[in-house]
Amino acid sequence: MNPSIGKPIDRVDGRLKVTGAATYAAEFPIKDLVYGVSITSTITKGRVKNIDSRQALKVPGVIGIMTSENSMQLHFPAGSDPSNGKFAEKDLLPLQNDRVFYGGQHIAIIVAETFEQAEQAAALVKVTYDEQPATIGIEKNITTAYKPASGLGGGEAQIKRGDVETAMLSAAVKTEETYTTPVYHHNAMEPHATIAQWEGDKLTVYDATQSVMGVKGLLAATLGIPAEKVQVYALYIGGGFGSKGFTWANTLLAPMAAKQFNRPVKLVLSRQQVFSAAGRRTQTIQKITLGADQTGKLSAIKHATTSETSFVDEFVETAGLATSMLYSSPNLDVSHELVRLNRGTPCPARAPGEAPGTYALEVAMDELAHQLKMDPLQLRLINHADMEEQKKKQFSEKSLKECYERGAEAIGWKNRKAEPGTLKEGNYLVGYGMATATYPANRSASTAKATLFANGNAEILCGTQDIGTGTYTVMTQVAADGFSLSPDKVKVKLGNSSYPKGAQSGGSQVSASVGPPIRAAALGVISKLINLAISDTASPLHGYKEEDIAADNGRIHLVKNPDKGETYSQVMTRQGLDKLEAQAKTNVSTRQQGPPTPAPAGSPEAKAEEESKTNKAVQEDEKTDRKDFAFHSFGAQFVKVLVDPDLGMIRIDKIVGVMDIGTVMNLKTATNQIMGGMIFGIGMALMENTQYDPNNGRVVTRDLAQYLVPVHADIPEIEVQFINKPDTFISPIGARGIGEIGITGITAAIANAIYNATGKRVRDLPITPDKLIA
């Protein structure tokens with residue numbers, strides 16, 4: 001049977017989505033459901049003096065109001081790992097006191113029989129405050145910046161090698177510039193939404209989350225109930241882009257209100273509330289200094305990032321991490337500083353760190369190339385890193401030079417003029433730009449359960465989720481190949497916390513993490529089936545060894561004599577079995593320190609671990625020696641732009657991206673993912689920009705009428721290519737993450753193309769027409 005991995009098969013959930021049959025968090029039909037509407041602060045810092053709800057409670061259908069005066073007490077969670085439940089604002093559990101730390105903070109919830117009644121009542125609530133002076137603006141408060149000890153998950157925030165200062169003194173060529181990026185908001189199509197229902201002491205939650213397992217753990221910890229009493233569903237998610245990777249207040253407020261009013265409660269944030277209380281990308285100020293000799297070889301790199309965080313948690317936009325490994329240089333200094341502001345807490349957003357970081361670094365490389373009078377592509381080839389120099393490890397697989405070559409050919413790089421502003425098409429100035437793309441290749445421990453039914457169909461259960469990127473489809477392909485069945489015979493079930501624990505959808509890790517245990521579990525079932533046939537005197541395969549037998553298209557047979565065999569159904573029917581099951585857990589983690597922690601004795605995870613000890617696929621996977629390898633994906637982004645010299649209007653004419661991401665699991669969904677990242681990059685480069693009122697610190701651009709994002713008319717011709725070389729070190733399926741690499745490099749490539757067209761270097765995003773004609 002031909003393998004299905006790599007084939008551009010249609011999304012298995014496509015029909016459900018286009019017909020409206022896919023059920024999202026806010027759409028579950030729950031009996032006796034009531035509606036919550038959040039009331040948010042209108043000051044930026046201070047205390048709530050009084051909440052007058054007398055008029056609101058008179059609105060027909062209103063059930064009650066929940067404030068810090070009457071809400072249940074919560075328990076502070078111990079951990080900060082998103083896969084185990086990371087509350088986004090660790091020092092601001094909702095409605096636990098009267099303090100206000102930012103505009104738009106949740107301060108009360110109105111609950112009513114209908115949404116309209118709750119909304120009307122919320123508008124009638126009168127709040128008085130004890131307002132205090134707020135800390136507003138990163139530039140105004142830059143003297144308060146401090147160096148964080150680490151980034152998310154304990155990652156490095158301060159990195160050095162060699163002696164940068166001495167190397168800079170002797171550098172023949174040096175460039176030093178500052179690059180700024182504004183606050184960006186995720187703006188997923190689906191807003192944050194939660195339905196919570198209590199049945200006695202059992203809690204069921206339907207949540208828009210990138211981590212069903214994380215939400216389950218967090219709810220148990222904060223509400224003070226056993227984890228086995230919590231059930232979380234996230235069957236379909238309308239995008240997350242990082243904002244649904246952490247857990248925000250709405251996920252706690254819904255079960256709190258449901259408990260208080262003894263009714264199931266639905267709480268959906270408005271678009272305006274998403275802007276203030278559900279995360280964002282932090283603003284960055286990045287100063288990059290590059291030193292090189294006359295041949296272009298880098299002797300020193302310095303990348304200093306200042307970004308902002310809130311007063312109720314700490315999030316580091318580690319923009320310099322990619323700089324520490326992307327180019328060869330003996331001397332490097334990467335630093336990160338934070339300024340605390342009265343804003344909601346930032347969080348991961350569309351390739352956190354790498355997206356703004358590669359923008360600044362790759363524009364700096366373009367500036368160095370111009371100063372050297374060198375082709376920017378040639379400069380990158382001269383400084384190609386053959387190994388991860390900071391960690392002194394070989395890359396598990398790297399075909400970046402081929403990405404450069406293929407991308408340059410596809411965009412027509414030979415047509416580029418070295419002198420900016422000299423190439424025209426009609427009245428338009430023409431520019432070409434390029435940049436390197438990169439993102440870490442992550443993998444974490446995950447578990448799956450496989451079932452083969454006597455009718456020849458199969459099923460996979462895994463407690464991960466599909467945030468809209470195609471996980472249902474790709475994992476169906478992985479399972480189909482493991483079962484040796486066609487994809488239409490396999491049903492993959494995700495988004496349910498009662499399933500075996502799968503990876504969080506964050507850090508581009510799901511395919512690399514859950515693919516191997518799904519494959520191993522399916523192979524484990526087939527192994528059990530083969531051994532049943534071997535021990536069955538009525539089977540034509542009786543007495544043979546397992547290694548003599550292969551599976552193909554719902555049938556097992558001798559490798560050397562394919563005609564001698566039988567179907568899966570024949571084996572199981574003779575045994576009186578309606579199904580065969582197997583579980584597999586792979587403990588592999590590309591970021592793990594030390595051996596994995598065993599699951600609690602008697603738990604489902606422990607049973608999966610025990611069964612995995614005899615699963616050949618798991619054992620082969622886990623015995624692979626990975627300690628000497630660094631895991632990263634790479635790519636090259638090329639852009640052609642047309643700029644109107646009189647109006648400064650920018651039109652992107654063509655984008656080419658060539659990606660080295662290991663095995664391409666599904667050509668159609670992979671291409672779609674990279675295109676999506678490129679479109680994010682267009683928005684980041686030219687349009688997106690969250691504005692805050694400089695007087696009171698509140699968000700001004702609070703909806704999609706004011707916050708600009710690319711639309712169909714903005715999208716150019718896009719060409720996506722893949723190297724498609726399996727990375728056999730990261731996993732048996734050879735796939736590295738693809739979710740975030742598409743946005744890296746593209747913003748810089750656009751900026752570099754605009755410079756090549758106009759000769760005007762804009763270092764503060766977004767690049768708008770006024771900046772080109774000023």
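Here is a short chat about salt bridges in this predicted model.

Student: What should I know before reading the numbers?
Tutor: The model is predicted, so to speak by pLDDT: local features need at least 70, side-chain atom pairs count only at 80 or more, and totals for chains, interfaces and linings use all residues. Residues are numbered from 1 along each chain as its sequence is written, and side-chain values use heavy atoms, with hydrogens and water left out.

Student: How many salt bridges turn up in the whole structure?
Tutor: The search finds 45. A salt bridge here is a side-chain nitrogen of Lys or Arg within 4 Å of a carboxyl oxygen of Asp or Glu.

Student: What does Asp10 pair with?
Tutor: Lys668, at 2.4 Å from N to O. Asp10 sits in the segment before helix H1 (14–19) and Lys668 in helix H16 (residues 667–686), 658 residues apart. Helices (H or I, at least four residues) and strands (E, at least two) are DSSP runs, numbered from the N terminus.

Student: Is Asp10 buried or exposed?
Tutor: Exposed, with a relative accessible area of 53%, while Lys668 is partly exposed at 42%. Buried means under 20%, exposed over 50%, partly exposed in between (1.4 Å probe, protein chains only).
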